[in-house]
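Please have the sequence and the model to hand.

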Amino acid sequence: MEPTPLRVLISPLDWGLGHATRCIPVIRQLIVQGHSVTVAGHGRSYILLQKEFPNLESIELPSFSPSYSRSEKILQHLFLQLPQFIKSVFDEHRTLKKLLSQHSFDVIISDNRYGLWNKNTLNVLITHQVMIKTPGWLRFAEYLLYRISRKLISRFDECWIPDYATAPGLSGDLSHKYTLPSNARFVGPLSRFHQVEPSLIKTDSERKITAVISGPEPQRSIFEALLTGQLSKMNLPTLIIGGRPESGQGTIRAGNLSIIPFLDSDDLLSAVNSSSLVICRSGYSSVMDLASLGTKAIFVPTPGQTEQIYLAEMHQQAGSALYRSQEKLNLIEDITEAAKLPGFTKKPAGNELISAIAALKKK
């Protein structure tokens, strides 16, 4: 017997584009299994999903957008905004309740939006952050933060962890260090590139450097300016993708550089596959995307973002990518060093996500 089609609302956090990009394979599989999908969100992540799925219903659903410091004291800066974040969780919970009075949804899938659950729906949280990485001076609070995280996760009926079940996976301590919540299940890495079309694979002769800019402002713009400055001095065919889906600007060409504000998933896949090396932030969604393609990379963590620093260090130790801090980036030397590493080992996508979606039922 065919499963009953469900009305699903899916909404990612708007802290950079990564939470939205890893929702793409989830939305695709929901559609394949015959469910009705509505996307909800705010800011650039919302625009990205609208561009990827122009035929789906979409709803504006504001989320907390923290301000970021230009210095490396980002963690301290974010800590001061913790009361606003807590308030936003309650606010989005109330907003969802109002939304459900106007729209009928059977399932709510939230990517790291901890207020998006309701007692009358089946509620799924997507997160790889079962625990939160802290800097050394705050390490004493790590277990306490894990307990708080577990409490927030327990509000949901299911917690989908986008990683392999076997440690260390791609996320290391973030998903494997502490005991998992009882509602957790691993659904395998979620990459928008998992369903690769053979026609999009480029040959070696077409390869170049691709730099993918992402993350919140002002660090996104700082990173773009840094890469543009260094790469313009090198005689390497390079594509810089700005991570600005709201921009209507076309491609700018300057010497060896081609600069474009945004590429959809198919075009980005083509760009990455035509490159011998990718330069990007070490956000977890970027890790999953590169791992799905077996790509070599230089990871440049957002200054002060402890999780990105941890992931960059972890994957450098594994030989998957070269880690360079933003202030020490020297691409003339770093590109040569990165080329010597084996890079990510490509693995085929499993059936964990398919099974998780097939198991969804009305509450």
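The charged end of K133 lies over the ring of Y310, at 4.6 Å from the ring centre. This is a predicted model. K347 does likewise with Y164: its charged end sits over that ring, 4.7 Å from the centre.

Next, ring against ring. Searching the whole structure gives four aromatic pairs. Y143 and Y178 make one of them, with planes at 70° and centres 5.5 Å apart. Planes over 60 degrees apart count as edge-to-face, so this pair is edge-to-face. The pair joins distant parts of the chain, 35 residues apart. Y143 sits in helix α6, which covers residues 142–153. Y178 sits in the loop between α7 (173–176) and β7 (184–186).

Is Y143 buried, exposed or partly exposed? Its relative accessibility is 43%, so Y143 counts as partly exposed.

Y178 also pairs with Y146, and here the rings are stacked. Their centres are 4.5 Å apart, with 25° between the planes. This pair, too, links distant parts of the chain: Y146 belongs to helix α6, and 32 residues separate it from Y178 in the α7–β7 loop. Y146 has a relative accessible area of 2%, so Y146 is buried.

The two pairs side by side:

| Pair | Centre distance | Plane angle | Geometry |
|---|---|---|---|
| Y143 and Y178 | 5.5 Å | 70° | edge-to-face |
| Y146 and Y178 | 4.5 Å | 25° | stacked |

Which residues do the ring pairs link into a cluster? They are Y143, Y146 and Y178.

Key:
Residues are numbered from 1 along each chain as its sequence is written. This is a predicted model: local features need pLDDT of at least 70, side-chain atom pairs count only at pLDDT 80 or more; totals for chains, interfaces and linings use all residues. Side-chain values use heavy atoms; hydrogens and water are left out. Rings of Phe, Tyr and Trp (its six-membered ring) pair if their centres lie within 6.5 Å; planes under 30 degrees apart count as stacked, over 60 as edge-to-face and the rest as tilted. Helices (H or I, at least four residues) and strands (E, at least two) are DSSP runs, numbered from the N terminus. Buried means under 20% relative accessible area, exposed over 50%, partly exposed in between (1.4 Å probe, protein chains only). A charge sits over a ring if NZ of Lys or CZ of Arg is within 6 Å of the ring centre and within 35 degrees of the ring normal.
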